[in-house]
Amino acid sequence: MKNRYLVGGPITPILVSELMTLGNDDTGTGAVSIFIGRVRDDEAAGRRVTAIEYSAYEEMAGKEADEIVRTVKSAFSDVRSVIIVHSLGLVKAGEASLFIMVTSGHRDQGTRACRHTLEMVKERLPIWKKELF
Amino acid sequence: MDISVTVLYFGAAEATTGRKEEEFLAGDTASLRRQLITRYPDLARLPFRMALNRTLLKEESVLQKSDIIAILPPFQGG
């Protein structure tokens with residue numbers, strides 16, 4: 001991984017299973033809420049997207065992601081950890097490009113915090129995409 | 001006084017300028033913005049924000065030596 005938030009290429013099932021073990025030692029966690037974003041084969045001007053190439057302002061992305069984690073943790077007192085991983089480089093249609101995991105004591109705050117994290121990622125992470133056909 | 005600063009281009013701004021980074025002489029971000037549009041008129045059609053030293057700029061700011069300004073088109077992560 002390029003930093004704790006960015007990984008080169010798709011977020012593979014192996015990486016997902018590794019990420020899911022984070023916080024396993026925290027026995028106060030009763031809920032794990034996960035969002036996975038995948039590249040969709042959208043159609044544009046009669047052509048289908050086959051892959052997306054992601055780029056980022058990596059130094060700023062790390063700083064902003066730190067801030068998102070801090071904000072979510074302070075807004076949801078039951079949240080115990082927030083994990084954000086976004087792809088850089090080439091990700092094919094059908095592959096995952098974003099992973100968000102929130103662990104919490106109970107389900108309610110966890111699921112809401114996961115959604116909130118997703119919206120902040122889209123709004124604040126300096127990441128750009130180039131659609132390939 | 002004009003200061004030498006580094007400008008980084010991302011996303012569509014990189015495609016528009018054909019560059020990843022470049023040096024400019026400018027005293028503040030407003031002056032830098034004007035220079036950017038003069039040099040790359042197509043940038044005016046691209047909505048972009050600026051970050052000063054990795055922090056999104058909320059208002060125009062005076063520039064210091066070695067400042068890094070990033071040109072940020074709308075984010076597209078997710």
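Analyst: The questions below concern a predicted model.

User: Why is Val102(A) called buried?

Analyst: The cut-off is 20 or more other C-beta atoms within 10 Å. Val102(A) has 32 such atoms within 10 Å, and therefore counts as buried. This residue belongs to strand E7 (residues 96–104) of chain A.

User: Which residues does Val102(A) touch, leaving aside those up to four places away in sequence?

Analyst: Val102(A) is in contact with Ser33(A), Val79(A), Val82(A), Gly110(A), Ala113(A), Cys114(A) and Thr117(A).

User: What makes the span of helix H3 (residues 107–124) of chain A close to the expected one?

Analyst: The helix has 18 residues, for which 26 Å is expected at 1.5 Å a residue. From its first C-alpha to its last, H3(A) reaches 25 Å, close to that value.

User: Which residues of H3(A) are buried, and what covers them?

Analyst: The buried residues are Gln109(A), Gly110(A), Ala113(A), Cys114(A), His116(A), Thr117(A) and Val121(A). Their cover includes strand E2 (31–38), helix H2 (58–75), strand E6 (79–92) and E7 of chain A. In general, an α-helix has 3.6 residues a turn, so residues three or four places apart point the same way.

User: Why is strand E5 (residues 68–72) of chain B described as largely enclosed?

Analyst: Four of its five residues are buried, so the rest of the structure largely encloses this strand.

User: How do you know that E5(B) pairs with strand E1 (residues 3–9) and strand E3 (residues 49–52) of chain B?

Analyst: Pairing requires at least two bridges between two strands. E1(B) and E5(B) run parallel and are joined by four bridges; Thr6(B) is bridged to Ile68(B), and Tyr9(B) to Ile71(B). E3(B) is also linked to E5(B) by four bridges, in the antiparallel sense, with Met50(B) bridged to Ile71(B). Both pairs therefore meet the requirement of at least two bridges.

User: What makes strands E2 (21–26) and E4 (55–56) of chain B edge strands?

Analyst: The chain B sheet is open and of mixed pairing, with its five strands in the order E2-E1-E5-E3-E4. E2(B) and E4(B) each have a single partner strand, so one side of each lacks a neighbour in the sheet. Helix H2 (residues 29–39) of chain B packs on this sheet and touches E2, E3 and E5 of chain B, its direction making about 125 degrees with that of E2(B).

User: Which residues touch the most other members of the largest nonpolar core?

Analyst: In this core of 51 residues they are Ala61(A), Ile84(A), Ile100(A), Phe10(B) and Ala70(B). Contacts of Ala70(B) beyond four places in sequence are Tyr57(A), Met60(A), Leu8(B), Phe10(B), Met50(B) and Ala51(B).

User: How many residues does each chain bring to the contact?

Analyst: Chain A contributes 15 residues and chain B eleven. The chain B side has six nonpolar, four polar and one charged residues.

How values were computed:
Residues numbered from 1 in each chain as written. Chains lettered and ligands numbered in written order. Predicted model: local features only at pLDDT ≥ 70, side-chain atom pairs only at ≥ 80, totals over all residues. Buried ≥ 20, exposed ≤ 12 C-beta atoms within 10 Å, placed from the backbone. Contact = placed C-beta atoms within 7 Å. Nonpolar A, V, L, I, M, F, W, Y, C, P; charged D, E, K, R; others polar. Axes fitted to C-alpha atoms, helices over the stretch in contact; angles between N-to-C directions. Expected span 1.5 Å × (residues − 1). Core = buried A, V, L, I, M, F, W, Y, C linked by C-beta atoms within 7 Å.
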